[in-house]
Each structure stands twice: as structure tokens, then as C-alpha cells.
Amino acid sequence: MRSRSIALLVCALAALLLAPAVEAKTIRVKSEGGFAKAAWKLRITGGTIVLRPQLYGRLVVPPRRSTRPLRIIGMRGVRVQDVVFDRTQHVSFGRVRIGPIRGDALVEVRTSHHILLHDLLVSAAGSRFSAAVFLPDSRHVTIRRSTFMHCGDHSWAFVNCVTVWRWSHHTVIEDNHFHDCRGCDFIHGRFGTHLTILRNRFERALPCRKMGYYRCGHNDLVQLFAGRRLRVEGNHFGVYKGGGAQLYLTNNVDYTTIVNNVFVGTDPLVPGYRARMAIVIGSNASRRLPHYAKVVNNTILTGTRRKDGYAGSIRMSSRYGSVPRWKRPIVVNNVIGLLETPARVCNGAQRFINNLIVLGQGCSSSNVVGPVHLDRQGRPSAESNVIDGANRHYAPSTDATGRRRSGAPDIGALEYRGR
């Protein structure tokens, strides 16, 4: 009898503890003060905060909350200027526009972990301000299915749509659309370890106007200066103007894998222009060069002659001659649109094998030079030289669409579908 009474008492206490969690599972708010109260109320139980249509100046997700997930979602018509994740954990934030109201707009994830940013529209279009995401020092942050555009077209300050900093670790940027940004990089900075850039679409990083060459003349799609364990996979890289490359890596960006990406050099919305460089690895001006990079099974159609005379889709620092060979980049199984100046790549690479060069010269007998026969999506046709031409040891198990590379793998990011 006594044990039964104790069991009933335990059940009653559990019911009392769980009751507030059930009642507070979803809270709808329409002000910054209401959001602060809801975040405090759900700090232990977790739950969902729904932002009603409104302009919100600043929302802070505070520290000292439990590991139970907190979801923050917006209804149509919500715009937020500033969001701060302050030493918090296990929070998702999505379906919101991040944009200026009375100043620059920013999502900042400070000293937090397991944060998901999803389905955001980050834009400062039509204003003189900026809109961006900043990840200085957090772990396990994911940015997913979001749109970044016009992040700072008319801002006098340097603007990047996403900035990662040296104390950020295990960051994933996947399935996003970055487009039409003037005078900025889409992704920029230095990271700590494990940055994954996966299945994004990057289009049109263009010069801004009337703010000087230094502010407006540095536009890359992705530019990174430091970090370990970078993976760039399955992305579409469109055009840039006034910058160094579509993907620019220098200093100590070590253990990079660039695989299954498609780089294109033209865009119907930028008529008459052809992007010059797809990939740059290492700068002659930097003290340190990237070590252990791999460029594998990409379709690289970008490439035209630069102002300094260099003609090639990819480029490596001439200083790789002083780097031990086993630390130099490996370039295997790629379609390369242009390589008229091969020495810079051939001398800098540890291995340069089984690549198809459309125009120019290869570095070894395993390279093929000639037409590639691709369709508008970059897929090989039946007569393409890429079919079955890849080195099996380096080829990934799937192509850029996730389709398995059965049998002898093809060169480039996309397998021939006719088989």
C-alpha cells in the first residue's frame, strides 16, 4: 500500500511539472517585449514562439536555457532588424525577413551551439544600409534554404552576406540562394574547423558604384583566409565582376575538398561579360599557402584572359614551388574550360591527372584536350570525352545530383544519364 501511495505521489508531481510545459508549448507574440517574456518562459521546457506580422527592431535569445528545442518562426509580413543568439543552444529561427528598419540589419550568433537558421530572406534592397549574418565564435550552426540578396549595395561599409570568424566550428551552409550583391562577397572570412558549403547557388557578385575602387572592386562569391577542414560540394557558381575568383582560398585554409561543383562563366542577366577565374588557391602576397587541397570532379566552364595576361580557369600561387610536394593541391577528374597558361597550375599541383581541358594544354599524358560536348545544365552528351574517363580512386561515389557513379566514373560534376 505504501509503495502504491508513493507511486501515485510521483505521478501527481510529474503531472504538475509537465502541465506548464504543455500550456506554454506555443506562444504568439507581437512585440519585442512579448518575445523576451516568451523566450524566458520557454527557457526550460522548450516550445515554439510565433512572431505575428510586425516590424521588430531587436530580438535576443538569452543564455542559460535547457537543451529542449526552441523554435522561433515568423508569420508573413514579419521583418526583424537585429537577432542576437547570446550564449544559447538548441534554437531554430526561420521564415523571417532580415532587413533594415532604421539601421543595418544583422543576425549574430555569439558563443552558442546547435543553432539552425532556415528559410530566411536576408536583404537590404532599396536602402543605404546592409543585411547580413555573422558567425564569430559558435559551434554547430546551420544556415539552410535561405535567400541572400542585395546585402549592402549602397552601404559605405564593407559588406558580406555571411561572415564566418576564426572561432566558429562545425558550420554548415546548405541549399541557399545567394544572388545580386554589389560590392560584397557572399561568404567571407576565417573559420576555425569544419566549414561545409553544400548545394548552394551563387549568382552575380557585382561591383557597386560611386564608393571607390577599394570598396567596390573586391567581389568574390566565396573568399576564405583561414580554417581547417573545408568542404565545398555540389554548388553552382555563377559570375562575379571586379574580384579575384568565384572561389578564392588563401593563407592557411588547410584540408579543403572542392568536389562536384559546377562553375559557369556567363549569365544572361550580365550580357557580354565572361567571368575570368573559377578557383584561386593561394596568393603570392600571403605568408602561408593552403595545404592538402583537393579539386576533384568539378565542371569548370569559367575562364577568360585576365588583365595581367593569365589565361586559365584555375590558378595556384607560384610560391607552391617552396612547399613540400605532398602538401600541394591535387587536381583530378575535372572539366577545365581554359588552361592556356598551364605552368602556374602544373608546377603548383601535387597531382594533375585525368582532367579534360577544353582550350589549352594539360600537365600530363592522362589529361585530354578537346571539346567537352555538354548540354546547358553541364551534363555530358553521348559523344562526350568525359564518359568513363575519371580516375576511380579519387572519384566520389555520387555526382552533384546525388546519383551514384556506377561503373567507370565520368570526368566532371555530372554523370552521363544515357546509360
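pLDDT is the predictor's confidence in each residue, from 0 to 100, and it is a handy guide here because this is a predicted model.

**Figure 1. Confidence along the protein chain.** The chain has an average pLDDT of 91, and 94% of its residues score at least 70. One stretch to treat with care is residues 16-24, where the pLDDT is below 50. In the model, this stretch makes three contacts beyond near neighbours in sequence.

**Figure 2. The disulfide of Cys151 and Cys161.** The model holds three disulfides, and this view shows the one whose sulfur atoms, from Cys151 and Cys161, are 2.1 Å apart. The link is right-handed, with 105° about the S-S bond. Cys151 sits in the loop between β13 (147-149) and β14 (159-164), while Cys161 belongs to strand β14, so the pair ties together parts that are 10 residues apart in sequence. Are these two cysteines, Cys151 and Cys161, buried or exposed? Both Cys151 and Cys161 are buried.

**Figure 3. The disulfide of Cys181 and Cys184.** Here the sulfur atoms of Cys181 and Cys184 are 1.8 Å apart, and the two residues form a disulfide. Buried means under 20% relative accessible area. Cys181 therefore counts as buried, at 0% relative accessibility. Cys184 is buried too, with a relative accessible area of 1%.

**Figure 4. The disulfide of Cys346 and Cys363.** In this pair the sulfur atoms of Cys346 and Cys363 lie 1.7 Å apart. The torsion about the S-S bond is about -75°, so this disulfide is left-handed. Cys346 comes from helix α4 (residues 343-348) and Cys363 from the loop between β30 (356-360) and β31 (368-369), so the link ties together parts that are 17 residues apart in sequence. How accessible are the two ends, Cys346 and Cys363? Cys346 counts as partly exposed, at 23% relative accessibility, and Cys363 also counts as partly exposed, at 28%.

**Figure 5. The two sides of helix α2.** Within helix α2 (residues 32-41), Phe35, Ala38 and Ala39 are buried. Why do they fall on the same side of α2? They cover an arc of only 100° around the axis, which puts them on the same side of the helix. As a general rule, an α-helix has 3.6 residues a turn, so residues three or four places apart point the same way. On the other side of α2, Lys37, Trp40 and Lys41 are exposed. Look next at what covers the buried residues of α2: the cover includes β1 (26-29), β2 (47-51), β3 (55-61) and β4 (70-74).

Notes. Residues are numbered from 1 along each chain as its sequence is written. This is a predicted model: local features need pLDDT of at least 70, side-chain atom pairs count only at pLDDT 80 or more; totals for chains, interfaces and linings use all residues. Side-chain values use heavy atoms; hydrogens and water are left out. Contact means heavy atoms within 4.5 Å. A disulfide is a pair of cysteine sulfur atoms within 2.5 Å. Helices (H or I, at least four residues) and strands (E, at least two) are DSSP runs, numbered from the N terminus. Buried means under 20% relative accessible area, exposed over 50%, partly exposed in between (1.4 Å probe, protein chains only). The arc is that of the directions from the helix axis to the C-beta atoms.
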